[in-house]
Amino acid sequence: MAKAKKQATKAPSLQEPPKIYEGIRGNAGAVKKGAEITQTDAETRRRNGEDVIVCGPDRVTNRRLAGQIERNAIGREPKCCFPHLSAGRMSLPHWQPDPRPPEGHTFYETDKLKAT
């Protein structure tokens with residue numbers, strides 16, 4: 001008689017929610033974290049043409065929150081962009097208005113691309 005295989009049970013992962021920061025563009029496309037801010041503050045910054053960045057362990061959650069911030073701030077569907085090669089090797093994916101204005105971006109971290 002064959003032995004029954006034990007099924008591994010996974011404990012539910014308690015994932016840290018993403019955090020939102022003022023975004024400060026640096027060299028080679030890098031985005032530096034400024035002060036931590038609320039989503040309301042982020043939306044106000046975006047309406048004023050300033051950058052924000054969503055940081056956290058999960059790319060999908062970061063992307064979703066960044067898109068929501070951009071939508072709420074500009075009142076229409078934004079464009080999601082991969083990192084622009086022309087911006088530099090450390091550039092991050094982001095949401096931006098299409099068409100512009102306002103200027104600026106809502107950047108987000110991925111598994112491999114991080115804010116500095």
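This is a predicted model: local features need pLDDT of at least 70, side-chain atom pairs count only at pLDDT 80 or more; totals for chains, interfaces and linings use all residues.
Colleague: Let's start with glycine 29. Where does glycine 29 lie, and why is glycine 29 called buried?

Modeller: Glycine 29 sits in the loop between β1 and β2. Its relative accessible area is 14%, and buried means under 20%, so glycine 29 counts as buried.

Colleague: Which residues does glycine 29 touch, leaving out those up to four places away in sequence?

Modeller: Those are Ala87, Gly88, Met90, Ser91 and Leu92. Contact here means heavy atoms within 4.5 Å.

Colleague: What makes β1 and β3 a pair?

Modeller: The same cut-off of at least two bridges applies. β1 and β3 run antiparallel and are joined by 4 bridges, so they qualify as well. You can look for isoleucine 20 with its bridge partner valine 54 in β3, and for lysine 19 opposite cysteine 55 in β3.

Colleague: In which sense do β3 and β6 pair?

Modeller: β3 and β6 pair in the parallel sense, over 3 bridges. In β6, phenylalanine 107 is the bridge partner of isoleucine 53.

Colleague: What makes you say that both faces of β3 are covered?

Modeller: In a regular strand the side chains alternate between the two faces of the sheet. Val52 and Val54 lie on one side of β3, Ile53 and Cys55 on the other, and all are buried.

Colleague: How do you know that the span of helix α2 is close to what is expected?

Modeller: Helix α2, residues 59–74, has 16 residues and reaches 22 Å from its first C-alpha to its last, close to the 22 Å expected at 1.5 Å a residue. Just after α2, glycine 75 takes a positive phi of about 75°.

Colleague: Which residues of α2 are buried, and what covers them?

Modeller: Among the buried ones are Leu65, Ala66, Ile69 and Ala73. Their cover includes β1, α1, β3, β5 and β6.

Note on methods: Residues are numbered from 1 along each chain as its sequence is written. Side-chain values use heavy atoms; hydrogens and water are left out. Helices (H or I, at least four residues) and strands (E, at least two) are DSSP runs, numbered from the N terminus. The expected span of a helix is 1.5 Å times one less than its number of residues. Buried means under 20% relative accessible area, exposed over 50%, partly exposed in between (1.4 Å probe, protein chains only).
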